[in-house]
Amino acid sequence: MVDLIKTSDVVPSSGTETSSDRMIQRMRALLRARGGHGAVDRRRSAVLQRLLRRTQQLEASRKELQTANNTLNVLNFELKSQLETLGRYQSDLDNLTATTGEATLFLGPLLHVKRATPRVRKYFNLSDGYEGILLTDLNSRLKYPDLVADARRVLTHSIPIEKEVEGDDSNWSLVRIHPYLTSDHRIDGIVITIVDVTPAHNALQALHQTESRYRALVTSTSEATYRMSPDWTEMRHLEGGGFLQDAPGPMADWLDIYIPKSDQPAVKAAIHAATQTTGTFQLEHRVKRADGHLGWMFSRAIPVLDRSGHIIEWFGTGTDTTSRKDMEMLAADSDARYRAIVECAPLAIVIIDDKGIIQTANATTASMFGYDLSEMIGQNVSMLMPSDHAARHDSYLQNYKISGIRRISQDGRAVTGRHKDGSAVELHLAVAEWVSKCGDRFFGGLITDLTEGKRVERELSDARSMAAIGELSGLIAHDSNNLLAIISGNLELLDQQISDDRLRRLVRSAMRASESSALFNRRLLSMSRRQGSQLAALRVNDRLRDLALLLQGSLGPQISLTLDLAQDVWTSIADVGEIDSAVLNLVTNSRDALPKGGSIVIRTRNMTIEDTSHTPPQEALTGDFVCVSIIDDGIGMRKDILERATEPFFTTKRAGKGIGLGLHGVKTFAQSAGGFFSIESRENDGTTASFYLPRTREPLPSAPDPEDGVLPFGEGQLILVVEDEDQLREITLQRIEALGYAVEGARSTAEAIELLKSGLKADLIFSDVLMPGDKGGVDLARWAEAERPGSKIILTTGFAGESSAEAAYARWTVLHKPYSRSQLAVALRGAFEDRGQS
C-alpha cells in the first residue's frame with residue numbers, strides 16, 4: 001500500500017509554487033479511479049483521503065507562513081526606514097541645537113532639563129551632563145524671579161507667557177515660555193526661548209522719549225496735529241489743538257465727523273492730488289469744531305516715506321483760521337454791501353483821488369452824464385464840468401490842499417454839470433473827504449439831478465391834489481348816495497303803485513338817472529382810491545353791446561363805431577359800472593382824436609400771457625385775461641406824450657376840455673380788478689388802448705329782475721333799521737315793510753342798543769356804517785355779536801372809508817347805497833338763509 005503512494009504524489013515540489021496543487025489533483029484522480037473495488041480498495045481510498053486532507057492542511061499552513069513572512073519583511077523594512085529617518089531627525093536636532101543663535105531650553109514634565117542650546121549658558125550656569133537637572137536648581141543671570149512660577153503656569157494651563165526682562169549685564173532679553181505638545185496634543189514639557197532684544201529695547205525707549213517730547217510740543221501749541229494712513233482712508237490719530245475734538249485712536253469715518261458735506265469734494269480732490277504726486281497736501285476748508293459750530297482750518301500734511309520711497313503715513317498740522325476767515329468774510333460782506341449800495345444808489349457817486357482822477361463811479365453817474373463807466377474811470381473829473389469850471393478844477397484842489405478852505409461843503413450846493421453830448425445838467429453836489437490807512441487822500445461826491453427832483457415835486461403836488469379830490473369826492477359821494485337812496489327808494493315805491501304806462505316810463509327813466517348818478521359817484525371814489533371795486537363775474541360782450549347803442553348816437557355821423565367781439569369770450573371779473581366808465585373814457589378820447597372823422601373799433605379777445613417781457617407795459621401780468629381794446633385811426637400821440645399819458649392831471653386838451661384823469665382812471669380800474677392797462681400809439685397812425693380783465697371760472701350771478709315781479713319776500717321777521725338820516729330811514733322802513741317784513745327804526749347806534757337791551761326781539765339788524773358820534777354800524781354789529789350771539793346783520797354804506805372797508809372784509813353783508821329793491825330783497829333773504837352767519 002505504501003508502494004502505491006509515492007512521495008512525489010503527496011509532498012509538493014519545492015521548486016514550483018503549483019506542485020502541491022498538482023499532487024492534490026493526482027490524489028483525487030487515484031480516488032476516483034479506485035473507488036468501489038473491494039475492501040482493499042476502500043482502505044486504500046481512506047488512506048488517500050486522510051493523506052489528501054493532511055496535504056491540504058500543510059498547504060494552507062505553508063501559505064499562512066509565507067504571508068506572515070512577507071508581512072514581517074515589510075514591517076522590518078518600514079521600521080528600518082523610520083529608524084533611519086529618526087536618526088536623521090536626531091542628527092538635525094543635534095546640529096540645530098549646536099548651531100542655533102538663540103538660547104533654547106527644553107524641559108520635561110517635571111521641569112527637568114532635557115536639552116539645551118549652547119547659548120543657554122549665557123543665561124544659566126549650565127555644565128556638561130545637564131540632562132535631568134531641575135529648573136529650580138539652575139542659577140539664572142536674568143532678573144526674572146517668577147521664571148519657575150511662570151513655567152509651572154504654562155505647564156498647567158498651556159497658555160504661553162512672554163516677558164521682556166533685564167539681565168545682570170543690563171542687557172534686555174525677551175523670554176518666551178511655550179508648552180511642548182506631543183502629536184496627540186499632550187503636554188510633555190515646556191520650551192523656554194531667550195532672545196537678546198537690547199537694541200530694539202533701547203530704540204523703543206528712545207521712541208517713547210521722542211513721542212513724549214512730541215506730545216509735549218503738541219500740548220503746548222494751538223495747532224491741531226494728525227496722522228493719516230497712506231491712502232487717507234483712516235485717521236490714525238488727531239490732537240485737536242483745542243478747537244477740534246481729539247481722536248486718540250484710528251477712525252475710518254473721519255471725513256463725516258470733521259468735514260461738512262459741502263466741503264468734502266474739495267478735500268477729496270486735494271487728497272487725490274497729493275497722493276498721486278507724493279506731494280504736500282495743502283488746503284483751507286471748513287471743519288466741525290469741538291463746540292459744535294463750523295469753523296475754518298488751514299491744513300497741511302507731508303508724506304512719511306520708507307527706505308524704498310513708499311508712503312508709510314501722512315503727518316499733518318491744522319491751523320485754526322476761523323477768526324481770520326470771519327474777518328475776511330466780514331470785510332468781503334462790507335465791501336459787497338458798499339458796492340451794492342453804491343451801484344443801486346439813486347444818487348450819482350463819484351470818488352476821486354487828490355489829483356482829481358476818477359477812481360470809482362456808479363451806474364447812476366454813467367447814466368446821468370451819458371458815459372460808459374469805462375470811459376470815466378482813470379479820467380479827470382473835470383470831464384463832467386462845463387469848460388470854465390473844468391479849466392480851474394485842478395487849481396481848486398491845489399488851493400484846498402494848501403489852505404484847507406472848501407469850495408463845496410458836505411451839505412453841498414447847486415452846481416452845473418456837463419453831459420457827454422455837451423448839454424448842461426443842473427445838479428446838487430455834496431463832497432466828503434477821507435484819508436486811507438496808507439495816507440492817500442480821497443474825495444467822494446454825491447450828485448443829485450435836480451431835474452428829477454423837480455419832477456418829484458410836481459408829482460407830489462399832483463398826489464396832494466388827488467388826495468384833496470379824494471377827500472372831497474368821498475364827502476360828496478356819501479351825501480349824494482344818501483340822497484340817491486332816498487330818491488330811488490321813493491321812485492321804486494311809486495313804481496309799485498301806478499298803473500299808467502306813461503307815468504311808469506317816466507318813473508323808470510328817473511330811476512335810471514339815479515343809477516347813472518350812483519355810477520358817477522363810484523367813478524369818483526374809484527379814481528380817488530376811496531372805494532374798492534364791486535367785483536362780480538360777467539361776460540363783457542353783453543355789456544359792450546348795450547354801451548354801443550348808447551355811444552353810437554354821441555359820436556356823430558362822421559365816426560363809425562364797430563364791435564369786433566370774440567364769440568367764445570371768457571367770463572371775467574370786474575365792476576360793471578367801472579367797465580362802463582372805462583369804455584366811455586376811451587371812446588371819448590378816440591372821438592377827440594378824430595377831428596375829421598374816422599372809425600372806432602371795440603374789440604374783445606381771450607389772451608393767455610406766459611411771458612411779460614414782450615408785453616407792454618411794465619405792469620403787465622401773466623395769466624388768462626379778457627382783453628378789451630378801443631382802436632381808432634386818429635392822429636395818435638408822440639412818444640413823449642405817450643410816456644406820460646396815464647399820469648394824473650396830464651392832458652394835451654385845451655382848458656375846459658379835460659383835466660387829465662381819464663386814462664389814469666382806466667388804469668386804476670384795471671389794476672383794482674386784478675388786471676392791467678396798456679396803450680400803444682404812433683403819431684398820425686392811430687391809438688390802441690386796452691384793459692385786461694382777469695378770467696374767472698365763477699358762475700355768472702343770477703339776480704332777480706326788478707321788473708319781473710319775482711322777488712324773495714319775508715315772512716314777518718322783525719328788522720331793526722338804524723339810520724341817522726330821517727328821510728332815508730323812513731323810506732328804508734317802507735321799502736323793507738313792502739317786502740313782507742316787520743320794521744322798527746333807530747336814529748343812532750346808542751338808540752339801537754337801548755332798544756335791544758329793553759327787550760326788542762329783532763331778527764335782523766339793518767344799519768348804516770357811518771353815523772354821527774363815536775360809534776357806527778360796525779360797532780353796533782360787534783356789540784350784537786358779543787351780547788346777542790346769533791344776531792343777523794346787514795350794513796349799508798355810501799362812503800367806503802375805514803369802517804366800510806372793515807365791514808366789507810368781515811363776515812357781514814354790506815349793501816352800497818343806492819341799492820335797488822331787488823338787491824335789498826336778495827340781501828335780506830340771504831341773511832336769513834345763510835347758515836354761516838350765526
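Two strands count as paired if DSSP finds at least two bridges between them, and the helices (H or I, at least four residues) and strands (E, at least two) named in these legends are DSSP runs, numbered from the N terminus. The model is predicted, so that local features need pLDDT of at least 70 and side-chain atom pairs count only at pLDDT 80 or more, whereas totals for chains, interfaces and linings use all residues. Residues are numbered from 1 along each chain as its sequence is written, and side-chain values use heavy atoms, with hydrogens and water left out.

**View 1. The hairpin of S4 and S5.** Strands S4 and S5 run antiparallel and are joined by eight bridges, with His178 standing opposite Val191 in S5. Five residues lie between the two strands of this hairpin, in which His185 takes a positive phi near 65°.

**View 2. The open sheet that contains S4 and S5.** Five strands make up this open sheet in the order S2-S1-S5-S4-S3, and their pairing is antiparallel. Strand S2 (113-116) and strand S3 (161-166) are the edge strands, each of which pairs on one side only. On average, and with direction ignored, neighbouring strands of the sheet are turned by 20° against each other, where angles run from 0 to 180 degrees between N-to-C directions and axes are lines fitted to C-alpha atoms, for helices over the stretch in contact. Strand S1 (residues 103-107) pairs with S2 in the antiparallel sense over three bridges, and Leu107 stands opposite Val113 in S2. S1 is also joined to S5 by five bridges, the two strands running antiparallel, and here Thr104 stands opposite Thr193 in S5.

**View 3. The salt bridge between Lys163 and Asp150.** Lys163 forms a salt bridge with Asp150, and the closest N and O atoms are 3.1 Å apart; the term covers a side-chain nitrogen of Lys or Arg within 4 Å of a carboxyl oxygen of Asp or Glu. This pair links distant parts of the chain, since Lys163 lies in strand S3 and Asp150 in helix H4, 13 residues apart. The structure holds 32 salt bridges.

**View 4. Strand S19 with its partners S17 and S20.** Strand S17 (residues 559-565) pairs with strand S19 (residues 598-609) in the parallel sense over seven bridges, and Thr562 stands opposite Val601 in S19. S19 pairs with strand S20 (residues 623-632) in the antiparallel sense over ten bridges, and the bridge partner of Met607 in S20 is Phe625.

**View 5. The packing of helices H18 and H22.** Helix H18 (residues 726-738) packs against helix H22 (residues 821-833) at an angle of about 65°, with the axes 10 Å apart. The two helices, H18 and H22, are therefore roughly perpendicular to each other, a term that applies to angles of 65 to 115 degrees, while angles under 35 count as roughly parallel, those over 145 as roughly antiparallel and the rest as oblique. Arg735, Ile736 and Ala738 of H18 meet Arg821, Leu824 and Leu828 of H22 in the contact, which means heavy atoms within 4.5 Å.

**View 6. The packing of helices H19 and H20.** Helix H19 (residues 749-757) and helix H20 (residues 777-787) pack at an angle of about 20°, with their axes 10 Å apart, which makes H19 roughly parallel to H20. The contact is made by Thr749, Ala752, Ile753, Leu756 and Lys757 of H19 together with Gly777, Leu780 and Trp783 of H20.
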